[in-house]
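Trainee: Could you take me through one part of this protein in detail? I would like to look at its salt bridges.

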Amino acid sequence: MKTPSLRQSAILLAFPLLTGVGISSAYAGDAKVYPGSMAVKYSGPSPTYSWSMIKNPSSTSWMYVDLPVINDDTGSGIDVSWVQVLDRHYSSDVRCAIITVYWNNSADAIYGYFGPNRYSTGSSNNAQTLYTGSASHGSTRHEYFSCAVPPTYAGQSSSIVSYYVSE
(Lines give C-alpha, C1' and ligand atoms only; values in the text may rest on other atoms or scores of the structure.)
Protein backbone atom coordinates (compact mmCIF):
# COMPACT_ATOMS: atom_id res chain seq x y z
CA MET A 1 0.00 0.00 0.00
CA LYS A 2 1.33 3.40 -0.98
CA THR A 3 1.26 5.99 1.79
CA PRO A 4 0.38 9.61 0.93
CA SER A 5 3.17 12.17 1.04
CA LEU A 6 3.14 15.07 3.47
CA ARG A 7 2.24 17.44 0.61
CA GLN A 8 -0.74 15.30 -0.47
CA SER A 9 -1.95 15.14 3.13
CA ALA A 10 -1.70 18.92 3.55
CA ILE A 11 -3.72 19.49 0.38
CA LEU A 12 -6.37 16.98 1.43
CA LEU A 13 -6.70 18.68 4.82
CA ALA A 14 -6.63 22.26 3.50
CA PHE A 15 -9.26 21.84 0.79
CA PRO A 16 -12.24 21.13 3.09
CA LEU A 17 -11.14 23.91 5.43
CA LEU A 18 -10.91 26.50 2.65
CA THR A 19 -14.17 25.52 0.98
CA GLY A 20 -15.88 25.47 4.37
CA VAL A 21 -15.12 29.18 4.85
CA GLY A 22 -16.34 30.06 1.36
CA ILE A 23 -13.10 30.13 -0.59
CA SER A 24 -13.55 28.33 -3.89
CA SER A 25 -11.16 27.38 -6.64
CA ALA A 26 -12.48 30.27 -8.76
CA TYR A 27 -10.93 33.56 -7.74
CA ALA A 28 -12.93 36.78 -7.44
CA GLY A 29 -10.70 38.55 -9.96
CA ASP A 30 -10.89 36.17 -12.91
CA ALA A 31 -8.42 37.46 -15.53
CA LYS A 32 -7.56 35.97 -18.90
CA VAL A 33 -5.12 36.83 -21.70
CA TYR A 34 -6.07 35.51 -25.13
CA PRO A 35 -3.83 35.24 -28.22
CA GLY A 36 -4.74 37.36 -31.21
CA SER A 37 -5.10 34.17 -33.24
CA MET A 38 -8.46 33.57 -31.51
CA ALA A 39 -9.92 36.37 -33.63
CA VAL A 40 -12.71 35.61 -36.06
CA LYS A 41 -12.47 37.52 -39.34
CA TYR A 42 -15.85 38.79 -40.50
CA SER A 43 -14.80 41.02 -43.41
CA GLY A 44 -11.76 41.70 -45.52
CA PRO A 45 -8.84 39.59 -46.69
CA SER A 46 -7.91 36.18 -45.33
CA PRO A 47 -5.55 36.71 -42.39
CA THR A 48 -2.10 35.31 -41.82
CA TYR A 49 -0.82 34.09 -38.46
CA SER A 50 2.55 34.41 -36.79
CA TRP A 51 3.48 33.65 -33.18
CA SER A 52 -0.28 33.38 -32.48
CA MET A 53 -0.92 36.92 -33.74
CA ILE A 54 -3.49 37.58 -36.46
CA LYS A 55 -2.20 39.81 -39.27
CA ASN A 56 -3.69 41.67 -42.21
CA PRO A 57 -1.59 40.69 -45.27
CA SER A 58 -3.45 42.89 -47.78
CA SER A 59 -1.80 46.03 -49.12
CA THR A 60 -5.18 47.53 -50.10
CA SER A 61 -7.99 46.25 -47.84
CA TRP A 62 -8.87 46.62 -44.18
CA MET A 63 -9.47 43.45 -42.18
CA TYR A 64 -12.30 43.34 -39.60
CA VAL A 65 -12.21 40.84 -36.75
CA ASP A 66 -14.14 39.97 -33.61
CA LEU A 67 -12.25 38.73 -30.55
CA PRO A 68 -14.41 36.36 -28.43
CA VAL A 69 -14.42 36.56 -24.64
CA ILE A 70 -15.25 33.65 -22.34
CA ASN A 71 -17.76 34.88 -19.76
CA ASP A 72 -17.66 32.34 -16.95
CA ASP A 73 -18.66 34.77 -14.17
CA THR A 74 -22.18 35.79 -15.17
CA GLY A 75 -22.80 37.60 -11.90
CA SER A 76 -20.40 40.47 -12.51
CA GLY A 77 -19.19 42.65 -15.35
CA ILE A 78 -15.86 43.13 -17.02
CA ASP A 79 -13.76 45.39 -14.83
CA VAL A 80 -10.71 45.90 -17.06
CA SER A 81 -9.99 45.10 -20.70
CA TRP A 82 -7.39 45.85 -23.33
CA VAL A 83 -6.18 44.79 -26.76
CA GLN A 84 -2.49 44.76 -27.66
CA VAL A 85 -1.80 45.66 -31.31
CA LEU A 86 1.04 46.25 -33.75
CA ASP A 87 0.29 49.24 -35.97
CA ARG A 88 2.57 49.23 -39.01
CA HIS A 89 0.61 51.64 -41.24
CA TYR A 90 1.96 55.19 -41.52
CA SER A 91 -1.42 56.97 -41.59
CA SER A 92 -4.18 54.51 -40.56
CA ASP A 93 -4.63 53.32 -36.98
CA VAL A 94 -5.80 49.97 -35.59
CA ARG A 95 -9.09 50.46 -33.75
CA CYS A 96 -10.95 48.28 -31.26
CA ALA A 97 -13.99 48.48 -28.99
CA ILE A 98 -15.48 46.19 -26.35
CA ILE A 99 -19.04 45.09 -27.00
CA THR A 100 -21.63 43.31 -24.85
CA VAL A 101 -24.82 42.11 -26.52
CA TYR A 102 -27.89 39.95 -26.03
CA TRP A 103 -30.77 38.73 -28.15
CA ASN A 104 -34.11 40.36 -27.32
CA ASN A 105 -36.85 37.88 -28.25
CA SER A 106 -39.74 40.34 -28.11
CA ALA A 107 -37.96 42.85 -30.36
CA ASP A 108 -36.44 40.13 -32.57
CA ALA A 109 -33.14 42.04 -32.47
CA ILE A 110 -29.69 42.25 -30.89
CA TYR A 111 -29.37 44.83 -28.10
CA GLY A 112 -26.28 45.83 -26.22
CA TYR A 113 -23.52 48.18 -25.25
CA PHE A 114 -20.98 49.23 -27.84
CA GLY A 115 -17.96 50.74 -26.12
CA PRO A 116 -16.05 53.65 -27.61
CA ASN A 117 -13.43 52.96 -30.24
CA ARG A 118 -9.84 53.05 -29.02
CA TYR A 119 -7.10 53.83 -31.55
CA SER A 120 -3.40 53.08 -31.86
CA THR A 121 -1.20 56.16 -31.95
CA GLY A 122 0.72 55.82 -35.18
CA SER A 123 3.05 53.34 -36.79
CA SER A 124 5.57 51.59 -34.58
CA ASN A 125 7.57 48.39 -34.22
CA ASN A 126 6.47 48.32 -30.58
CA ALA A 127 3.19 46.80 -29.43
CA GLN A 128 0.59 49.34 -28.29
CA THR A 129 -2.05 48.65 -25.66
CA LEU A 130 -5.56 49.93 -26.36
CA TYR A 131 -7.38 50.22 -23.02
CA THR A 132 -11.00 49.45 -23.86
CA GLY A 133 -12.49 49.83 -20.38
CA SER A 134 -15.25 47.98 -18.58
CA ALA A 135 -18.61 46.51 -19.54
CA SER A 136 -21.56 45.25 -17.53
CA HIS A 137 -23.22 41.99 -18.39
CA GLY A 138 -25.79 39.47 -17.29
CA SER A 139 -26.39 35.78 -17.70
CA THR A 140 -27.92 36.17 -21.18
CA ARG A 141 -25.28 38.49 -22.64
CA HIS A 142 -21.94 37.81 -24.24
CA GLU A 143 -18.89 39.99 -24.77
CA TYR A 144 -16.35 40.42 -27.50
CA PHE A 145 -14.02 43.02 -28.98
CA SER A 146 -14.49 44.27 -32.52
CA CYS A 147 -11.37 45.55 -34.29
CA ALA A 148 -10.36 47.02 -37.64
CA VAL A 149 -6.83 46.33 -38.85
CA PRO A 150 -5.38 48.58 -41.60
CA PRO A 151 -3.66 47.30 -44.74
CA THR A 152 0.02 46.43 -44.96
CA TYR A 153 2.39 49.34 -45.56
CA ALA A 154 5.86 48.91 -47.10
CA GLY A 155 5.63 45.15 -46.55
CA GLN A 156 4.84 45.46 -42.83
CA SER A 157 1.58 43.95 -41.54
CA SER A 158 -0.50 45.41 -38.72
CA SER A 159 -1.82 42.81 -36.29
CA ILE A 160 -3.66 41.91 -33.11
CA VAL A 161 -1.10 40.49 -30.67
CA SER A 162 -3.30 39.58 -27.69
CA TYR A 163 -6.23 40.76 -25.59
CA TYR A 164 -7.14 40.78 -21.91
CA VAL A 165 -10.26 40.71 -19.77
CA SER A 166 -10.64 40.77 -15.99
CA GLU A 167 -14.09 39.92 -14.61
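Mentor: Start with the whole. This is a predicted model. The protein exposes about 9700 Å², and carbon and sulfur atoms supply 55% of that area. The protein has one helix and twelve strands. Of the 167 residues, 38% count as buried. Take the contacts with a separation of 6 or more: 73% of them are between residues 24 or more positions apart.

Now the salt bridges. The count comes to two. Begin at Lys32. Lys32 pairs with Asp30, and their closest N and O atoms are 2.8 Å apart. That is a salt bridge because the cut-off is 4 Å. Is Lys32 buried or exposed? Lys32 counts as buried, because its relative accessibility is 18% and the limit is under 20%. Asp30 has 21% relative accessibility, so Asp30 counts as partly exposed.

Next comes Glu167. Glu167 forms a salt bridge with Lys32, with the closest N and O atoms 3.5 Å apart. Look at where the two partners sit. Lys32 is in strand β1, residues 31-35, while Glu167 is in the segment after β12 (159-166). They are 135 residues apart, so this pair links distant parts of the chain. Glu167 and Lys32 are both buried.

The salt bridges share partners, and they join Asp30, Lys32 and Glu167 into one network.

Definitions and conventions
Residues numbered from 1 in each chain as written. Predicted model: local features only at pLDDT ≥ 70, side-chain atom pairs only at ≥ 80, totals over all residues. Heavy atoms only, no water. Helix = DSSP H or I, 4+ residues; strand = E, 2+ residues; numbered from the N terminus. Buried < 20%, exposed > 50% of the residue type's maximum accessible area, 1.4 Å probe, protein only. Contact = heavy atoms within 4.5 Å. Areas by Shrake-Rupley, 256 points an atom, 1.4 Å probe, with all protein chains shown as cover. Salt bridge = Lys/Arg side-chain N within 4 Å of Asp/Glu carboxyl O.
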